[in-house]
Amino acid sequence: MLASSSSKLSHATLVHRYPPSKLHSEEEMSDTVFSSDENEMNYKRENVTHKDDENLQCEEFEETPLYAAILTYLSYAILCLFGWLRDFLRNSNIEKKRGAVDPNAALGFVPLYQSYESFYTRNMYTRVRDIFNRPIASVPGAQFELTERISDDYNWTYRYTGKTINAINLGSYNYLGFAEKSGPCATDAINALKTYGVSSCNTRIELGTQRYHVELEQLLANFLHVESSIAFGMGFATNALNIPAVASKGDLILSDEMNHISLILGMRLSGASYQTFAHNDMKDLEAKLRAAIVHGHPRTQRPWKKIIIVVEGVYSMEGSICRLPELIALKKKYKAYLYMDEAHSVGAMGKNGRGIMDYFGIDANDVDILMGTFTKSFGSAGGYIAGKKSLIDHIRVNSHANTYASSMSAPVVQQIISSLQLLKRPEGQKRICQLADNTRYFRQKLVDMGFIVYGNKNSPVVPMLIYMPARVTRFNREMLRRGIAVVTVGFPATKLLDARVRFCISAAHTRQMLDTALMAIDEIGTDISLRYSTRHQSRRLREL
Amino acid sequence: MGSSMTRGDIESLATDFYDLLESFKHAPFYHISFEIFLVLAVIWLVFFRKPRAIEKKLTEREKQELIDEWQPEPLVPPVDPNHPALNVRVLDGIVGKTVEIDGKKSLNFATFNFLNFVGNSRISEKAIQAVQKYGVGSCGPRGFYGTIDIHLELEERLAKFFNCEEGIIYSYGFSTIASIIPAYSKRNDILFVDEGVHYAIQKGVEASRSHVKWFKHNDIQDLERLLAEQEVLDKKNPKKARTIRRFLIIEGLYVNYGDICPLPRMVELKYKYKYRIFIDESVSFGTIGQTGRGVTEYYDIDRQKIDLISSSLEYSIGSIGGFAVGSSFVVDHQRLSAQGYCFSASLPPLLAAAAIEALNIMEEQSTPLFETIMSKSKRLHKKLLSIKGYSVMGDEISPLKHLRLANALNTIGRLEEIVQFAQTRDITITVARYLTDEHLLPEPSIRLILNVEMTDEELEFLCTVLQEALVKVTS
């Protein structure tokens, strides 16, 4: 949660954001019944098959119920009122001022922070600060240890009791379960530490390239079925520092409105013009492509030098999957280039874990620039870009990260190499299947219970909508009390109305862990009335 | 033809005019109003109507033609296959005091391994223990269960080392300062930046979209001139001036030049012109100052007067990542506003463990270690100055120096030849590499880095080899 730029929303836009006609229930769906009249209580019963061919594009984004929208706005209005009251009390010295004070304030310096930014931090964020930034004391696997921290002054300061809480981990990005402290990957990483030390203290272009970097890049290129690849030490920096190498002034970038902030930063730094198109809306994208080619630059009317479409494989807040076959068709028709950020989908999607292309069965060479990270599915750190050799050579020469940033650390690289090699073996295949099973099971149960769940059926990112800030907080705290750690997000990471809880399913979760979590969600969902769905009947877990 | 008006002509004109006026009196009202309306319409048409832009209404067929005709450029232009980025030296084994390339060992004067912590067994041991407890990756950003207790420990230790209230760590050295600057400085603010700062700072400045005023490298007069100019502008519009934040961005020890910033005078000016100081101490942390606490210790300046000190864990400490220390008021803001902190996975715990152990060693060995590195730097500086034909850039106590050929001989080609010759004699050095879009591209140079464990003989050997190389290149 942070103070980002304001999100322009109107109530009408949100309630009708995804009207039923936009439901992607085309020929790829199995037998499903949807009523045009949403008030009718029709529920979905699907055949959960294990064939990847069916239901590839099955996504759902149910509209916000009116009463939830009204109550959410009301909640924020009340919070604001209380915020102003408390600020007034603090400024008139009736209440003690907490938080750090600017040592330079009295000397006539311009205030460092804008007052509305810190209003939000002081009066809303601090109330619920305990649900974020929870420190852990163990490996972030399927179950982990949270350090217990208690606040005596309503989250302004914490003290650590020294104890740990054991909890099921539904928050960390551990899709294939490679976050392990023992096993072949960990052993290999330790051997790499002994052989190579921790770091090499230099950039790739000077003296930082080691044999294991070359090996990693070759292995990755083979894994993804592309010509060549290059790896960097940080996923965020991979986007922010390499988009400027590919796009420049005079180019146009069309980016999905839900793209990650690292992509937006890269686009800004590149100097190219960029426009956003509605999330996963291919018609809007086509219209914008046509307009761009026909009219050129809006002011100078010069034709664009090239057009790049930037999408993500799996969107981490929505749980949706990009519509790759249509994107490839569009890109070929209009001679544009496609940049796909597979941060959450490489390793997690597809029969062989190769990402969205594997999921749809598309040749990897159709996507011009493939980007991904190693943090989520490989239990390591860093990012990569893969594609044709000419592209990768160009990036090597022009990338900011290749020239100025330290090369990757040996154990981090070894972890990726070991996990890539493991994925080729049957044990790796087992993990991929386990993840797919867990995902479908968990999502199906949530939907059947009557919760609003966004996104594609097969995406391991499961966002469940809660809307009201107080309910979001209560949900999080209650789940922790029952021994389950979840991630809840609200404004400004999401739109004002759409506060949600986001579950990340892992291959390391057993059926038992998922059932425990589902029981807890069922209980809490009943306690605080989270069953908003009007499309699916609300039922208790024991009825399913 | 003379057109002198006769009396008769004037009379007839006057009569006509009188008749005209009379006709006005007799004409019906609607007639007159219509005529006045016509006159007004003509005046409006001639003087006031803006020409309407002709809208380009293309037909569908024309649009389709345009779409079919449009040819994009290739995704990437062709690259020179001889570019150094495509022909790097591939290393094996530990890149410590010696480095192994193609099976041959050579002395390493090229990597930023100032305190020789790379390959240190104590540090590796601690990193191994961290893998056995936490695994390799942290699997999430700091806000979502990516905060591991070892991160909190490292932040505390760094804050204590610098005697500041709070510290914050990042998972990538480049992203540290590049995320910090846009977190504080927004569109309307002013940044006074030294021209010689390194690329990451330039990117941070660019990302912030603030007004940038570059002053000449290490030139206090130029900075004062810019500050005075800004003061004049402030006096003209004091209300606006009260909403513009000002920052001074400098480095402790410049990576591109090897010299130290004139900090005392900059701190004085801070209180006069009311700007905040952010220092990037990537190179100066762990290399200068009696106990390695950087340029503030070197000049004996109270660290409370500096608003933020940012640095890298990738140089002296020998790990990966970056950090910033300062007062809680300043540092805490980054936890919600710095993009590289909020939206990126946190530092792998083994790298944090390695950094903590390196910090332990720095604190244990303290003054003797740093006096050694400063004195060896001085000795190396003297030795290099004695080789005629080279110009040495950098402060004498800086372990990072830039070596150039004297006058017009200084080209990248010749410097590369020197590097290759040195490699044949088992000395590894490197030409400093930059991208072409640097704000102020430095002159070509060889970046020499001193490792604290180098002996005097080895330094002598380096100078001998450099001398021989010079002879070979200039002959």
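**Reading the interfaces**

Modeller: Across the interface of chain A and chain B, the rule finds 2 salt bridges, a salt bridge being a side-chain nitrogen of Lys or Arg within 4 Å of a carboxyl oxygen of Asp or Glu. This is a predicted model, in which local features need pLDDT of at least 70 and side-chain atom pairs count only at pLDDT 80 or more, while totals for chains, interfaces and linings use all residues. Residues are numbered from 1 along each chain as its sequence is written, chains are lettered from A in the order in which they are written, and side-chain values use heavy atoms, with hydrogens and water left out.

Colleague: Which residue of chain A forms a salt bridge with Arg447(B)?

Modeller: The partner of Arg447(B) is Glu206(A), with the closest N and O atoms 2.9 Å apart.

Colleague: How is the size of an interface expressed?

Modeller: The size of an interface is often given as the accessible area lost when the parts come together. Buried area is that loss for two parts, taken with a 1.4 Å probe and summed over both. Chain A and chain B bury about 9,900 Å² between them, 66% of it on carbon and sulfur atoms. The contact (heavy atoms within 4.5 Å) takes 116 residues from chain A and 117 residues from chain B.

Colleague: How many residue pairs are in polar contact across the interface of chain A and chain B?

Modeller: A polar contact is a pair of N or O atoms within 3.5 Å; within protein, one must be able to donate a hydrogen and the other to accept it, and residues adjacent in sequence count only if both atoms are side-chain atoms. The rule finds 34 such residue pairs between chain A and chain B, both residues being at pLDDT 80 or more.

Colleague: Into which domains is chain B divided?

Modeller: Domain bounds come from an automatic or database domain assignment. In chain B, domain 1 covers 89-117 + 367-474 and domain 2 covers 121-362. Their C-alpha centres lie 27 Å apart, and the contact takes 26 residues from domain 1 of chain B and 30 residues from domain 2 of chain B.

Colleague: What area do domain 1 and domain 2 of chain B bury between them?

Modeller: The two domains of chain B bury about 2,500 Å², 64% of it on carbon and sulfur atoms. Phe117(B), Phe370(B) and His439(B) supply 28% of the area that domain 1 of chain B buries against domain 2 of chain B, more than any other three residues. Between these domains, the count is 0 salt bridges and 7 residue pairs in polar contact.
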